[in-house]
Amino acid sequence: MNSKIWLSSPHMGGGEQKFINQAFDANWIAPLGPNVNGFEKDLENYLGEGKKVAALSSGTSAIHIALVLAGVERDDEVLCQSFTFSASANPITYQGANPIFIDSEEDTWNMCPNHLEKAVQDRISRGKKPKAIIVVHLYGMPANMDVICKIAKKYDIVLIEDAAEALGSTYKNQQCGTFGDYGILSFNGNKIITTSGGGALICKTEEQKSKAVFLATQARDNAPHYQHSEIGYNYRMSNVLAGIGRGQMEVLNKHIALRQQMNQFYKELFKNTDGVKVFSETNSVYYSNHWLSCVLIDENIAGFSREELRLHLLEFNIESRPLWKPMHLQPVFEKCSFYGDGASEKIFKKGLCLPSGSNLNDDERLRITNAVTVFIRK
Ligand SMILES: *Cc1c(COP(=O)(O)O)cnc(C)c1O
């Protein structure tokens, strides 16, 4: 049997070991140190816009800290894109607050500005103004940021951008994660760059970053003994893992180009297949890192379903996966309010993620081509 072709697997660039060795040589095996500072600087330089970055233990913890900084408390309401991975919404519940889910628009698959504004107005008319908005750049595709930022500003609501899947994606040439009051990144093993596990909070000011680091290191007051006036968390990134991040930053742009080539590869592969559409930018204001390449399969036209294609690829030891199941359809969130018209549910039912790693080689692409071609001919 051929080896498994994964959806997205870690791809080391070669420089990572050097930074890890520096951490060992200096005995900086702690959740702070030169690699943490260096990795944060690398990210700040890459993102631009004068942003400050705090390296944390995960993207999920970064969202949690963003919500704490936004002042989200028990029984507050937070508007969150429904079409996403559960980690976007879970931290809302850590604060005892209630997620309210917003449907997607067809072009970007991300938060629909119309449903967002309807939800804001409806919640206000019920006597409760939402405390924050969490917008996601899913699969690396930037959301419709002009309109979403305008709505957040108009109603004076904190905007948090979940750019976990979108490092290097841009909207009107500005990096995703730098539009909101806060942005978050993930360096989990399957993301475009990885520290095995890790994340980052993107802030506007040094004060916000200091507060985030303070909260992420158990909220210790300035005293010789351990003194605490606030509840803290253990969310800081390890100096060893930040070393992996510094090495990964050296190859980020190369990895983005390779993922974009995978998207082109699928466009070519499916170009004569009616009913199969490769998800791509609909307008040049959007620039996706194409973290994962996805297709929408219209069963009535294509003559096969996304599940039939998935099972066929599996026989060839090729991994593919349905899209994220929207949060308003998840059992755990069934009691939450939802504003939408079924767009994300439709996308979910038709969509499939295909192997997209920057480390896929010509042999593996040939295996994918052959497997798909055999299937389409059937
Ligand atoms: C991966 C991911 C997260 C969470 O990041 P972790 O580092 O795994 O905690 C959040 N949101 C989205 C959209 C993600 O894909």
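## Burial, salt bridges and helix packing

User: At 14% relative accessibility, does serine 305 count as buried or exposed?

Analyst: Happy to start there, bearing in mind that this is a predicted model. The relative accessibility of serine 305 is 14%, and the cut-off for burial is under 20%. Serine 305 therefore counts as buried.

User: Which residues does serine 305 touch, not counting those up to four places away in sequence?

Analyst: Serine 305 sits in the loop between helix H10 (299-302) and helix H11 (306-315). Once residues up to four places away in sequence are set aside, serine 305 touches Ile297 and Glu299.

User: Where is glycine 180 found, and how far is it from valine 158 in space, C-alpha to C-alpha?

Analyst: Glycine 180 belongs to the loop between strand E7 (174-175) and strand E8 (182-186). It counts as buried because its relative accessibility is 2%. Leaving out neighbours within four places in sequence, glycine 180 is in contact with Lys51, Leu159, Glu161 and Lys204. Valine 158 is 22 residues from glycine 180 in sequence, and the C-alpha to C-alpha separation is 7.7 Å.

User: Which side chain of opposite charge is nearest to arginine 259?

Analyst: Arginine 259 lies in helix H9 (residues 252-269), and it is buried yet has no salt bridge. Beyond its neighbours within four places in sequence, its contacts include Asn190, Lys191, His290 and Trp291. At 9.8 Å away, the nearest side chain of opposite charge is that of glutamate 165.

User: How many salt bridges does the structure hold?

Analyst: One of them joins the side chains of glutamate 250 and lysine 18, at 3.5 Å from N to O. This pair links distant parts of the chain, with glutamate 250 in the loop between helix H8 (239-249) and H9, and lysine 18 in helix H1 (residues 16-25). Glutamate 250 counts as partly exposed because its relative accessibility is 48%, and so does lysine 18 at 44%. The number of salt bridges in the structure is 17.

User: Lysine 209 and glutamate 40 meet in a salt bridge, but how many Å apart are N and O?

Analyst: Both lysine 209 and glutamate 40 are buried. Glu40 and Lys209 are also linked with Lys41, Glu44 and Arg236 in a network of salt bridges. For the side chains of lysine 209 and glutamate 40, the N to O distance is 2.9 Å.

User: At roughly what angle do the axes of helix H5 and helix H6 cross?

Analyst: Two packed helices are described by the angle between their axes and the distance between the axes. Helix H5 (residues 113-125) and helix H6 (residues 145-154) have axes that come within 10 Å. The two helices are roughly parallel to each other, and their axes cross at roughly 10°.

User: Which residues of H6 make the contact with H5?

Analyst: By class, this contact has six nonpolar, no polar and two charged residues. H5 contributes Pro113, Leu116, Glu117 and Val120, while H6 contributes Val147, Ile148, Ile151 and Lys154.

Notes: Residues are numbered from 1 along each chain as its sequence is written. This is a predicted model: local features need pLDDT of at least 70, side-chain atom pairs count only at pLDDT 80 or more; totals for chains, interfaces and linings use all residues. Side-chain values use heavy atoms; hydrogens and water are left out. Helices (H or I, at least four residues) and strands (E, at least two) are DSSP runs, numbered from the N terminus. Buried means under 20% relative accessible area, exposed over 50%, partly exposed in between (1.4 Å probe, protein chains only). Lys and Arg count as positive and Asp and Glu as negative; His and the chain ends are not counted. A salt bridge is a side-chain nitrogen of Lys or Arg within 4 Å of a carboxyl oxygen of Asp or Glu. Contact means heavy atoms within 4.5 Å. Axes are lines fitted to C-alpha atoms, for helices over the stretch in contact, and angles run from 0 to 180 degrees between N-to-C directions. Angles under 35 degrees count as roughly parallel, over 145 as roughly antiparallel, 65 to 115 as roughly perpendicular and the rest as oblique. Ala, Val, Leu, Ile, Met, Phe, Trp, Tyr, Cys and Pro count as nonpolar, Asp, Glu, Lys and Arg as charged, and the others, Gly among them, as polar.
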